[in-house]
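My notes follow in the order I took them.

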Amino acid sequence: MLLYLTALLGLYFLFRWYRERKRVPNLPNKHVLITGCDSGFGNKLARQLDEQGLRVLAACLTQNGAEQLKEATSQRLQTVILDVTNNTSVAAMAQWVKEQVGDQVLWGLVNNAGVADTIAPNEWLSVDDFRRVINVNLIGMIDVTLALLPHVRKACGRIVNVSSAAGRLSLFGGGYCISKFGVEAFSDSLRRDLSSFGVKVSIIEPGGFKTEILNLEVLKKGLENIWRRLPSEVKESYGEDCYQKLYNRWDGVEKMNTNLSLVTECMEHGLTAVYPRTRYTAGWDAKLLFVPLSYFPTILADTIIAKLK
């Protein structure tokens, strides 16, 4: 019996490998818009797709980021300044995309722009701390998607949304996990809405990766400011040891995975495969710990997370 099960499992993975190797034809003529291209995953993906001949439309937050990306890529790649939290900026970007694609269509949208600050116990934070992260990671993503959805729908194209392993398992307080849970819900509903149009929606769930948004000095300074503004009663209740433990934990950022290709290869497959996956998990911490842990009974998951902290 074990031999038969092993054989069936082997055949399944062989079939999946063969199926997922099929690529969409005529890729060099397809336009893809990527948000958050100043640095990190978005920047690397823009370069990666440009090298393969796709027509990349790279949305950057800053002019400096746009210029540096232009210098490192071919003339095919075009940049636009985009603040995903500003509705006027999003509307202008959508009009620019319409002008860029002309008589063609927008094949792919990669919602990558995101922030990861103000991570602390919920009681330490203000509603503005939550709002700032959620506006970028979730509301901004929704705004960009709705603005470009008619183009992608006409193309029967691809939408790739960057979530996180923390979108499966809430590991800490603040708006980050909340926003990523929202990304998962939005992506699932979007996938079902668009399935009849042939549009494929994929979710990327990275584990811990070292990117420019995880600046150790900035993260520690932010926690210092949060602790400093807390009422004395809250400080006494949690204790200095709690603060110090959280402060020292940021040192782990320097040990995070720096191989961003593990994430961008998932993004690329979601855009270019005939049969993309619904979810891509990137990084061994996500694959072997955080995502499996999200299926555990709550009491067991809580115990393990408490030990990790």
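I began with a helix pair. N87, V90, M93, A94, V97 and K98 of α4 meet D143, V144, A147, L148 and H151 of α5. I noted that the model is a predicted one. By class, I have seven nonpolar, two polar and two charged residues in this contact of α4 with α5.

Next I looked up the geometry of the pair. Helix α4 covers residues 87-101 and helix α5 covers residues 127-155. Their axes lie 9 Å apart, at an angle of about 20°. Angles under 35 degrees count as roughly parallel, so I logged α4 as roughly parallel to α5. The crossing of α4 past α5 is right-handed.

I turned to α7 and α9. Helix α7 spans residues 216-229, and helix α9 spans residues 240-249. I found their axes coming within 10 Å and crossing at roughly 165°. The cut-off for roughly antiparallel is over 145, so α7 is roughly antiparallel to α9. I logged the crossing of α7 past α9 as right-handed.

Which residues meet between α7 and α9? From α7 I listed K220, L223, E224 and W227. From α9 I listed E240, Y243, L246 and Y247. The contact of α7 with α9 divides into five nonpolar, no polar and three charged residues.

Helix α12 is residues 298-308. I read an angle of about 130° between α11 and α12, with the axes 10 Å apart. I therefore logged α11 and α12 as oblique to each other. L289, F290 and L293 of α11 make the contact with A301, I304, I305 and L308 of α12. I sorted the residues of this contact into seven nonpolar, no polar and no charged.

I then took the pocket as a whole. The second largest pocket has a volume of about 470 Å³. I have 21 residues lining it, and C266, R277, Y280, T281 and K287 lie nearest its centre. How does the lining divide by class? I noted eight nonpolar, four polar and nine charged residues.

Methods
Residues numbered from 1 in each chain as written. Predicted model: local features only at pLDDT ≥ 70, side-chain atom pairs only at ≥ 80, totals over all residues. Heavy atoms only, no water. 1 Å grid on protein atoms, 1.4 Å probe; cavity = no way out; pocket = protein on both sides within 12 Å on 5 of 7 lines; lining within 4 Å. Points joined across faces, edges and corners; volume = space filled by probe spheres on them. Nonpolar A, V, L, I, M, F, W, Y, C, P; charged D, E, K, R; others polar. Axes fitted to C-alpha atoms, helices over the stretch in contact; angles between N-to-C directions. Helix = DSSP H or I, 4+ residues; strand = E, 2+ residues; numbered from the N terminus. Parallel < 35°, antiparallel > 145°, perpendicular 65-115°, else oblique. Contact = heavy atoms within 4.5 Å. Left-handed = near helix turned anticlockwise from the far one by under 90°.
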